[in-house]
Amino acid sequence: MSARYDAIVVGGGHNGLVAAAYLARAGRKTLVLERRPVLGGAAVTEEVFPGFKFSVFSYVVSLLRPEIIRDLDLPKHGLQILPLESTVTPLENGDYLASWADPDETRRELCRHSPRDADAAVVFGRLMHHMAMAVKPILGMVPPDPASLSPGDLAGLLKLGGHFRSLGPERFHALHKLMTMSSADYLDEWFEFDGLKATKSASGIIGTFLGPRSPGSAYVLLHHYMGEIDGAFRAWGFQKGGTGAISETIARAARAHGAELRTGAGVERVIVRNGRATGVALSSGEEIAANLVISGLDPRLTFTRLVETRELPSELVDGIRRYKFRGSSGKVNLALSGLPSFACTPGEGPHLRGAISISPSIDYLERAYDDAKYGEFSRHPYMDIVIPSMIDPGMAPPGNHVMSVFVQYAPYALNGGWNDAKREAFGDAVVRTLARYAPNIESLILHRQVLTPHDIETITGLSEGNIFQGELALQQLFFLRPVPEWAKYRTPIQGYWQCGAGTHPGGGIMGASGRLAAMEILRAA
Amino acid sequence: MLKTSPFHPRTAPLVRAQTWRRWAGHQMASAYDPYPDREYAAIRNAAALIDVSPLYKYRIGGRDAARLLDRMITRDMRKLKPGQVYYTPWCDDQGKVIDDGTVTNLGGGAFRLTSADSSLRWLHMNAVGLDVTIEDISERVGALSLQGPLSRDVLSRAAGMDLSALKYFRMVEGTIRDIPVAISRTGYTGDLGFEIWVEAGRAVALWDALMEAGRGYGLTPCGVWGMDIARIEAGLIMMDVDYFSAHHALIESRKSTPYEINLGWAVSADKEPFNGRRALRAERARGPAWSFVGLEVDWESFERFFRAHGLPPQISNIAWRASAPVYRASRQVGYATSGCWSPLLKKSLALAHLRAPHFAPGTPVKLEVTVEHRRELADAVVRKLPFYDPERKKA
């Protein structure tokens, strides 16, 4: 079997597409194989209801790496990120807390609730800025192995040490606290207004099976500030046409560099001969040869489904078995005949162009988590809501709207398992909770799409419906992602590589895993 | 007191941060939001409504109206058909640009001229011996620019007519909610777009009608800041920012010919005699000493200056209008006059005057930037204008 391709990428998610684009750009004959009829993995736009387009799963762009935008000239291929400027949190007392694009407006708003917090927010922001500056280079770095004495690893560790030393003691201590504390405790050290703490800590629990009072949840607060460092690039917001349009943009760049992309081509297994990957077998029976096979799938699928586990060291297989997915979130997509009116600020207004966060208090979030801890979906969940049609009118027919509701918690391992009735009950809980804040919502719903972690797994393949290909928890980040010693995109099988969000740094439509994997592959060649 | 536009009663309450600016003696909105990001985005993503009433406007009639304009502008008036619009510069006898604007053939031998600066004296000077009427209609006519990919949908809906037949740089008359308007497929954004001309007394009603029709299409009022970013992406020159009018320039070196400011395409040097013909023919034969081009700043070289201070890169979301020296091999070869971060192209752009032979596309140059109080030279590359030219602009 002569190799027809230099590289085959299994899975056309955004990281797989990024990896393919970089490989093709370097002259490698590259093929991407996607099981679904549509490219993008969890970054897809689909017309779920006639005339209404949804970013079905992932719905905003936050940390898409500027170097990828530049290297692949994504604007030329259709990247168009529109500003998503505000966050409004309706509170349980009927008031709200808003954060606007203008710092003075945001400050005045915060002063309404706590003048002390308004001052604290400035100093807090500066501290987080410095820590994000120190941590951010890690996003562009192949994780060094701290247990290794190889020159490359030592150089990486030295570089890392340099970053942290430059923080100075005060910030280094703060970083240590961030890494170990819960977001609720950490924010308690800074702020008094509960609505503010809840909304800030909400960003720390997204996609994890942690509550705001769980240790380790503080760290993810940093991610928000990492996005702000790239603020000049203005790559934070809403892609025109939804997140699927980002995947299409990357796909166009990959094709322009000569990559071949096939949809409706599910890979059954990676062919391994004498400890070396030599190609893939499709579920259709077709076999395609390649010098390299790169899996964009999550670690469980990469290591235990695409290849036979007997090809791998038992420690690795066991590590993958213990790697935590525990999908904890669902998604409700609503087609609306008009705009919702929020009781805290009725009618139309700029708040409908930004995010609406249902995170009125730390207790509210923790109670939502309590339900999940014991195997139930939250009766009153945390929700991150956007109305994309307010920003990109092309998402819905004129006068109508689409609403994207990210919902947490919805445990994958629901008591009694997920079924149609449970799905509808979950959807009802979401709409009912929403109606507490936007009483007219029910009368506007033309169509409702409810996606449980089980549905996310079934449709996209993401194990246990985890949106990050495995929890973004400290014990599975950086040189531990997905497992120690195999965090550099390699696998024990020669010519078999990983490039999905289950590798460092993972998470969100960042593309960093795909880029770093491709660069590591090219370096190894 | 500055003058206000006929749309002022509607625009003024929308200017949330009181960000006003002067434009031809008028008080106009820089932006309605504190920052122009969303307004700019509307130009490229949906539809934006921009008040461009401060433009000077003249109605020219009489038997010799076309002859007057032909003597004045650099394009050939004999080819301007009824319902057609020209964008054109006009020059003094030395071929130096006085102003740039549009000429519309209104039909029936009448024309409308728009200009950035008052042009009444120049029109009269050129009308000696001609049978023409010249009316300054600047204050009688309000103008709105409706720009963006959905502008045609909004306007077709408002005017109750299908505007897909209206070609680029053509004009049609119609009504919007019984308000007589002229609609031209023109603009200052390099996108699909229209300008709507209306009797000042009906301006407010027109604004309301358009805003109403734009509901559901993301129609967003947009100020000068938002438009400025779009016009830089589109490589469109601005008088008193990118060049000086020959009538304002205090010294000779501040004057430019059309060839020097990328408007050579609008010079019909072989037509009947017109102001500057001899000088422009000579320059065409000789080749211009300067050219007006795009510069694309290399992001990594720019980011390095910030990193040296431990800072993330910082760029204003408002376009800059200042002179920045441009170097090649440590010799100054020109200067940039305006620039911006392009939120769409994700690039830092500038418009620059470069001396021959340094203006060929692809030429590597250095642009002076100030980072943390220090002057630095960022790598940049000469690009052909426009930076951004979507198909829909002319389609």
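What follows is a conversation about a predicted model with chains A and B.

Reader: Let's start with chain B, which domains does the assignment give for it?
Author: The domain assignment of chain B gives domain 1 as 8–55 + 139–222, domain 2 as 57–136 and domain 3 as 252–256 + 289–383.

Reader: And how many Å separate the centres of domain 2 and domain 3 of chain B?
Author: Taken over C-alpha atoms, the centres of domain 2 of chain B and domain 3 of chain B are separated by 36 Å.

Reader: OK, strands now. In which sense do strand 4 and strand 7 of chain B pair, parallel or antiparallel?
Author: Strand 4 of chain B, residues 56–61, pairs with strand 7 of chain B, residues 110–115, in the antiparallel sense, and the pairing runs over five bridges. Within that pairing, Phe111(B) in strand 7 of chain B is the bridge partner of Ile60(B).

Reader: What about strand 4 and strand 8 of chain B, over how many bridges do they pair?
Author: Strand 8 of chain B, residues 133–136, pairs with strand 4 of chain B over four bridges, also in the antiparallel sense, and there Glu135(B) in strand 8 of chain B is the bridge partner of Arg59(B).

Reader: I also see a sheet of six strands in chain B, in what order do they come?
Author: The order in chain B is 10-11-12-9-3-13, in an open sheet with mixed pairing. Strand 10 (171–176) and strand 13 (219–221) of chain B each have a single partner strand, so they stand at the edges and one side of each is left without a neighbour in the sheet. From one strand to the next, the twist averages 25 degrees.

Reader: Can you zoom in on a pair, say, what stands opposite Val181(B)?
Author: Val181(B) stands opposite Val198(B), which is in strand 12 of chain B. As for the strands themselves, strand 11 of chain B (residues 179–184) and strand 12 of chain B (residues 193–199) pair in the antiparallel sense over four bridges.

Reader: Which strands does helix 2 of chain B lie across?
Author: Helix 2 of chain B, residues 37–45, lies across strand 3 (47–51), strand 9 (141–147) and strand 13 of chain B, and it runs at about 115 degrees to strand 3 of chain B.

Reader: Switching to the contact with chain A, how many residues does each chain bring?
Author: The contact takes 21 residues from chain B and 19 residues from chain A. On the side of chain B that touches chain A, the largest share, five residues, comes from helix 2 of chain B, and the residues of that side divide into 13 nonpolar, four polar and four charged.

Reader: Then on to chain A, how many residues of helix 1 are buried?
Author: In helix 1 of chain A, 11 of its 12 residues are buried, so the helix is mostly covered. Among the buried residues are His14(A), Leu17(A) and Tyr22(A), and the elements they and the other buried residues pack against include strand 1 (5–10), helix 10 (243–256) and helix 18 (512–524) of chain A.

Reader: What does its chain do just after helix 1 of chain A?
Author: Just after helix 1 of chain A, Gly27(A) takes a positive phi of about 90 degrees.

Reader: Last one, is Val122(A) buried or exposed?
Author: Val122(A), whose place is in helix 4 of chain A (residues 115–135), counts as exposed because it has 10 C-beta neighbours inside 10 Å, and the cut-off for exposed is 12 or fewer.

How values were computed:
Residues numbered from 1 in each chain as written. Chains lettered and ligands numbered in written order. Predicted model: local features only at pLDDT ≥ 70, side-chain atom pairs only at ≥ 80, totals over all residues. Domains from an automatic or database assignment. Pairing = 2+ DSSP bridges. Helix = DSSP H or I, 4+ residues; strand = E, 2+ residues; numbered from the N terminus. Axes fitted to C-alpha atoms, helices over the stretch in contact; angles between N-to-C directions. Contact = placed C-beta atoms within 7 Å. Buried ≥ 20, exposed ≤ 12 C-beta atoms within 10 Å, placed from the backbone. Nonpolar A, V, L, I, M, F, W, Y, C, P; charged D, E, K, R; others polar.
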